[in-house]
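This report concerns aromatic side chains and the charged groups placed over their rings. The structure is shown below.

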Amino acid sequence: MEVSDYINSAKTLAEKAAKLSQKMSQGIVDNARELGFQSSESGAHYFDTSEEKMRNIIRQLDAKNDREKLDGLKRLIAMISKGRDVSEFFPDVVKNVVSQNIEVRKLVYIFLLRYAEQEPDLALLSINSFQKDLSDKNQIIRAMALRVMSGIRVPVISPIVLLGIKKCITDPSPYVRKTAAHAIPKCYSLDASQKDTLVEIIATLLKDRSDIVIGSTIMAFNEVCPSRFDLIHPCFRKLCSMLGDCDEWGQMSILGVLLRYGRNQFLNPNPHGEDTSRTPPRKVAITSTRAFYSDDDSDESDQEEDEQIMDDTVELDVDHELLLKSCLPLLQSRNSGVILAVAKLYFYLAPAIEAEKIVRPLVRLLRSPREQSYVVLTNIATMASKRPYLFESYYQQFYAQSSEPVFIRDTKLEILTTIATESNIHTLLTELQQYIKSPNKDFVAATIQAVGRCAITVPTALDKCLRLLMRLLRSRNELVVAESVLVFTRLLQVPTEERSRSVIALVKLLETIKVPVARANIIWLMGQYVELLPQVGPDVLRQSVKNFVNEENGTKLQILSLSAKLVSAFPDHETIYTLNQYLQNLARYDPDYDVRDRARFLRALTMPNSGGQLRDHLKDIMLCHKEPPVVDTQISDYNIGSLSLLAHQPLPGYEPLPDYPEEQPDSTVRDVEGLEGWSGSRTVVVESFGNDRFSDQYRRNRFGSPSVSSTAALSGIEAMGSASTYSAKKKGNDYDLDAFYNESSSEEEDESESESVTESEESSEEFSTSDDEA
């Protein structure tokens, strides 16, 4: 064989090896794409919106290769994420709903969920495929098929959707059952006549043991039948026990339902109005209608103690107390919505003394982003307006920061003025003085108004607030001066001899104050004190008449009113009469028609030989005593945690909380024997463990007060471990835990010895039988 033949064969082998290597590399890339591994190019090419790429989408969707279909569908989903309308490809996408590739079907379902409402007629063509997919072996396919089918907004298919929901509520996968719960409100919006059937489905799902399903079921309950509390009766204790295991969205839904249920089924825990009082409630004993640990026998001394605290006792239903105790761990949640839902429940459903537990978690949420912080502050402001004592000790947490937006700082000012007390008013006024130096004019005006509200909230601090406002009147900032005068007039509008000196000091500033609004308010305030300051009023009128022509229209109107009040207070004073006549002549030819109309009206009342019978009642008209106007605040009175509270107006769907029942409803409706075998769904009763003294000691440790109860709500592990009954030994009047554990250890030793004896006996028997066989 020649050398040339060897060279040719070598070339042939090299070419074949190169082709094989190319095929293997291409196969590896294809497999990587099918498995979802990202290549070095990344997925940015899917966002290429060139015309050539868009024309290739239809060809890719009609291709037989699943990889080509995936590329086309991914490009469509990328276009949807960019906000582009790709509904023109709807018919081509629907054809792939029967694809055997799971990834393709997932993307098809995502596309259909987006455009099923816009193209309901075309979506109806794939209904049979959706019904078939409800029996698919993949739980994600089953769930997405129901989601798409319920997302088609055509009332004709509501019976088909209802059949799909009935089928999916018995699905072994909790994810599919959760999707069925989500589909219930959609089916109800399509056809409200199916309500009775949907209520039965909700009742079935409420018995579900999965914490994934229960949250979605409660949301469907809120949408379809929010007042059907008879469905909640058998699963109330189960909901309480599952609160900690549900997802955060489900926890908020369950807490909302349990709050309305508690307001409907439990008595008012504050029968003496402690929840509406602005003063701290005194500490009282909180007892249950049944004890957690109790025996039938009770000492006479315990009975005497019960009689002594009977007047200061708040009696709670055992389920009411179970609800409060189940919600308490959720205050440590990382979700601000869950913490706010628990705070709402405690604020409206718990004894007033127990509401202090929600304060620290709410204050902790103030470190959240500013949007969440504003929502929390708005709810705290509403709580503080009704129970200011809750946040009095945390007033420093509500100091405004220069880096915060104005809406947060204004809300903090509302809270600070609400929780002001005699003990912290001096510190608050010092802090407010620093806020006045802010370059934000609106915030400075809000701060000065806050000083006035502090004076109203703490009457003993009125002198301090007035002195602070007097210092502000010397400011060079016209806005500060104007707002200070407004607050001054609000505080001194009711004439008293004690405040006359403050009015005189304010009148002396008329020569230096040039702000029209401030001048008008000072003149109006002088009109309120014309009877208490008979020497000052005429002199103020004389000075005001000199510059009447150069004053603003608002100030002119107040000068006319002051003149009329002086005439009514001193009808025989010649100087006042002359000044009034001169003022009427000036106002008669004023360019502003409001001033002319006011002058014409007052001339008819004050000038002689005019006014008729009205002149006889001039003093009653001009100097009548009126109630001071109520200061408007930004605090809403809507339910805590509602969107209406932030919008300051009732929004669609807002409902106030129901009132407490006057008589205790039947509590046996929650005693369901069907759930007895499931730990967590039923309160496990532990008998013959301790006595009332141990129960009282347990209550003092948990709630700070003794109580009397008879059942204990145990967790699943405790319920499984409570098969046997233990009796703790007593040393004097207390329990000897050392003896208890020594006894348990001795029992374990006895058990181990008995096991060793039985093992030795069994080994001896085996040895004897082997000897016999030998």
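The model is predicted. A search of the whole structure finds 13 aromatic pairs. Two of them are set out in the table.

| Pair | Centre to centre | Angle between planes | Geometry |
|---|---|---|---|
| Phe90 and Phe111 | 6.0 Å | 40° | tilted |
| Tyr109 and Phe130 | 5.7 Å | 55° | tilted |

The pair of Phe90 and Phe111 links distant parts of the chain, 21 residues apart. Phe90 belongs to helix α4 (residues 90–94), whereas Phe111 belongs to helix α5 (residues 102–115). Phe90 has a relative accessibility of 0% and therefore counts as buried. Phe111, at 0% relative accessibility, is likewise classed as buried.

Helix α5 also contributes Tyr109, and its partner Phe130 lies in helix α7 (residues 127–133), so this pair ties together parts that are 21 residues apart in sequence. With a relative accessibility of 0%, Tyr109 counts as buried. Phe130 has a relative accessible area of 0% and is therefore buried.

Elsewhere, one aromatic cluster is formed by Phe229, Phe236, Tyr261 and Phe266. Phe236 also has a charged group over its ring: the charged end of Arg670 sits there, 5.7 Å from the ring centre. A further arrangement involves Arg387, which lies over the face of Phe347 at 4.1 Å from the ring centre.

Definitions and conventions
Residues are numbered from 1 along each chain as its sequence is written. This is a predicted model: local features need pLDDT of at least 70, side-chain atom pairs count only at pLDDT 80 or more; totals for chains, interfaces and linings use all residues. Side-chain values use heavy atoms; hydrogens and water are left out. Rings of Phe, Tyr and Trp (its six-membered ring) pair if their centres lie within 6.5 Å; planes under 30 degrees apart count as stacked, over 60 as edge-to-face and the rest as tilted. Helices (H or I, at least four residues) and strands (E, at least two) are DSSP runs, numbered from the N terminus. Buried means under 20% relative accessible area, exposed over 50%, partly exposed in between (1.4 Å probe, protein chains only). A charge sits over a ring if NZ of Lys or CZ of Arg is within 6 Å of the ring centre and within 35 degrees of the ring normal.
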